[in-house]
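Here are my notes on the model you sent over.

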Amino acid sequence: MNKNNSTIKPPSISGDTFQINSFEEYKKLYEYSIKDPISYWAEQSKKLHWFHPWEQVLDNSFSEADVAWFSGGRLNVSNNCIDRHLNSKGDQVAIIWEADNTKDSKSYTYRELKHEVCRIANALKTAGVRKGDRVCLYMPMIPELAFTMLACTRIGAIHSIVFAGFSADSLRDRILDCNASVVVTANEGQRGGKALALKSIVDKALQGISSVHTVFVAKRTEKEVTMKAGRDIWLHEAMARERRSCPSEWMASEDPLFILYTSGSTGKPKGLMHTHAGYLLYALQTFEQIFNYQPGDIHFCAADLGWITGHSYVIYGPLASGATTIMFESTPLYPDAGRYWQVIEKYKANIFYTAPTAIRAIAKEGNEWVEKYDLSSLKSLGSVGEPINPEAWYWLYEQVGKSKCSVMDTWWQTETGGIMISPLPGITEMKPGSATLPFFGIEPCIVDENGQEIKDTQNNNGISGYLCLKNPWPGMARTIYGDHERYVESYFTQYPNLYFTGDGCYRDADGYYWITGRVDDVINVSGHRLGTAEIESSLASNPLVAEAAVVGIPDEIKGMSIFAYIIPSKEGVAMKSEEELSGILKQQVRQDIGSFAIPSNFQIVSGLPKTRSGKIMRRILKKIAVGEYDDLGNITTLADSSVVEELINLRK
Ligand code: PRX
């Protein structure tokens, strides 16, 4: 593919573009934000409401991952997302909840939101939750999830949302890791017409854990569930007993706001911790500028609140801006492939933000679904979570945006808190498949294996390497909860003085960034980030398995899918057919992690290609999995090269 070939002029937009009216103005402001980040962010900080002004913009020791923004300041996230809008927007809808069955949908004004949030904040207090305590949320996409997040921030409790697709074991690990004292869940979830037994998963996760004293249970369906006396409380009953006002804690800028677990290339998931002031400002600022939010706009980000996209662009960014945000409980294919478009038409949504995997799944169903609906309200489109292939990009641009909306291919991570590289609507020329250019205050660079920055070459036809970031930004995670050393080691030691993203990247002659995917042992399946180590340890924990290795291979819809190589144990060889064995192993992964981590392919083998020091050569496994047998590269370092032959024969 000639990556520089297609450049698309940004369609023009209406409304105030935050004083950036041309690409030249973007460039000027960008240069200023890099040269003088202190002045730039000091100015931006006025967008938040402070109880007490900050004293210092940035206290920076980047190489040690010790960074503080807006020290001395006091503020509250829930106050910024609700109370400060009440005078001007009390009766404006804050959250539209689009239910699985569209007939059950509801909406909440900013004033109503305040009442719901305060009742839950008071209920948490009554249960003994205090500033700094951890509250684990294992909930479906219901309004109570948004209310509870904001309630935590109101009283200074730290929320840790666990995506409701995770298994009881994963939930348990996350509860234990942050030592949560309260869990909030629902009797059941409802998604794509199916019920999810959330309360019983929580019960299983909590077996033998004594640190959790209270479980609040929201009532999403009529399903009866067992309530453990002395521990479990119906959320609606607790809320009914509480007052609808609750003062906002004065939080210090750097106080922890939330923990969100994500997978790394090694070990157990990392609990990334974000803070009050920097995170909120970055979420607000990126939301407003990257989607060109205008007062009155209806914003539809289809992400689940269990992931960072939901945190930043369903709740915190939009509500801090006083927007109307849609929370979507269902799936893009339920009841049919027209669901997103039906939602956009119904609410006249102006901004639509989703993942390439969803776009590909819908596009496959044919254009008639999108043609059925009136999408003329749309102004900005966004994509996130994985590289978007040009085909999906054009489909979004032409079929959904009718070539009238910029497509923001936004690159960022759980760790970055907000969008880092993206076009600006109406300003940046787009190239399908490229996340284009960095946001204000963000200075990416590309380094080689030795950590040397690769500058543009003399003839400048682009460079490739590892994507790093040179300077701190307000939205960056500050640590891994309870393990700062791991944080430093994971991101700040490979390349001194740089934050290492884990992504490979190409920068073309125009300075545009093209993310090429993970360069570590992380696999991105349907935009869900999974560590090979987690999946392998789940597979290997089964007595039928002696050893397992997994790799990611390209998948037309999911972006990547998981391919597992299994060496069965004696028991495994003796007892089961290959089909039975893979059935049991699927169940194992479902139980240990969740259905979304189940490998799509299993290959039973008698050995794995390893170096003499015992390291599995995944590069070879990947090539064999996709049938590239002739291009295996150097295999002379293998301890036993006959393994490769066996693997090839099995695949042929
Ligand atoms: O590999 C990159 C990919 O998703 C990773 C981050 O995953 P997570 O922390 O789960 O956050 C996803 C939502 C922000 C990145 O390291 N990624 C994310 N956005 C893009 C992307 N890859 C290419 N293009 C993108 N726009």
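Is valine 589 buried or exposed? Point 1 takes that up, and the rest goes on from there; keep in mind throughout that this is a predicted model.

1. **Valine 589.** Valine 589 is buried, because its relative accessible area comes out at 0% and the cut-off for buried is under 20%. You'll find the residue in helix H19, which runs over residues 578-592. Leaving aside residues up to four places away in sequence, valine 589 touches Ser538, Leu539, Gly594, Ala597, Ile598 and Pro599. Take serine 538 from that list: serine 538 and valine 589 are 51 residues apart along the chain, yet their C-alpha atoms are 5.9 Å apart in space.

2. **Isoleucine 359.** Another one for the buried column: isoleucine 359 has 0% relative accessibility. Its place is in helix H13, residues 356-363. Beyond residues up to four places away in sequence, isoleucine 359 touches Thr354, Ala392, Trp395 and Leu396.

3. An oxygen atom of the ligand lies 2.6 Å from a side-chain N or O atom of arginine 529. For asparagine 524, a polar side-chain atom is 3.3 Å from a ligand oxygen. Glycine 385 takes part through its backbone, where a polar atom is 3.1 Å from a nitrogen of the ligand. How much of the ligand does the protein bury? Taken alone, the ligand exposes 550 Å², and the protein buries 96% of that.

4. Start with the peptide bond from tyrosine 334 to proline 335, which is cis with omega near -5°. Proline 335 belongs to the loop between strand E17 (324-328) and helix H12 (339-347). Then look at asparagine 179, which has a positive phi of about 55° without being a glycine. That residue is in the loop between helix H7 (168-178) and strand E8 (182-186), and at 43% relative accessibility asparagine 179 counts as partly exposed. Lysine 402 also isn't a glycine but has a positive phi, about 50°. Lysine 402 falls in the loop between helix H15 (390-400) and strand E20, and its 37% relative accessibility makes lysine 402 partly exposed.

5. How many aromatic pairs does the structure hold? There are 49. One of them is the tilted pair of tryptophan 41 and tyrosine 282, at 5.9 Å centre to centre and 50° between the planes. This pair links distant parts of the chain, with tryptophan 41 in helix H2 (residues 37-44) and tyrosine 282 in helix H10 (residues 276-290), 241 residues apart. Tryptophan 41 is buried at 1% relative accessible area, and tyrosine 282 is buried at 0%.

6. Tryptophan 341 is in helix H12 and tryptophan 395 in helix H15, so the pair ties together parts 54 residues apart in sequence. Tryptophan 341 is buried with a relative accessible area of 0%, and tryptophan 395 is buried with 11%. Note the link back to point 2: Trp395 is one of the residues that isoleucine 359 touches.

7. **The aromatic cluster.** Tryptophan 41 and tyrosine 282 come up again here, as both are members of one aromatic cluster.

Terms used
Residues numbered from 1 in each chain as written. Predicted model: local features only at pLDDT ≥ 70, side-chain atom pairs only at ≥ 80, totals over all residues. Heavy atoms only, no water. Helix = DSSP H or I, 4+ residues; strand = E, 2+ residues; numbered from the N terminus. Buried < 20%, exposed > 50% of the residue type's maximum accessible area, 1.4 Å probe, protein only. Contact = heavy atoms within 4.5 Å. Polar contact = N/O pair within 3.5 Å; in protein donor to acceptor, adjacent residues only side chain to side chain. Areas by Shrake-Rupley, 256 points an atom, 1.4 Å probe, with all protein chains shown as cover. Phe/Tyr/Trp six-rings, centres within 6.5 Å; stacked < 30°, edge-to-face > 60°.
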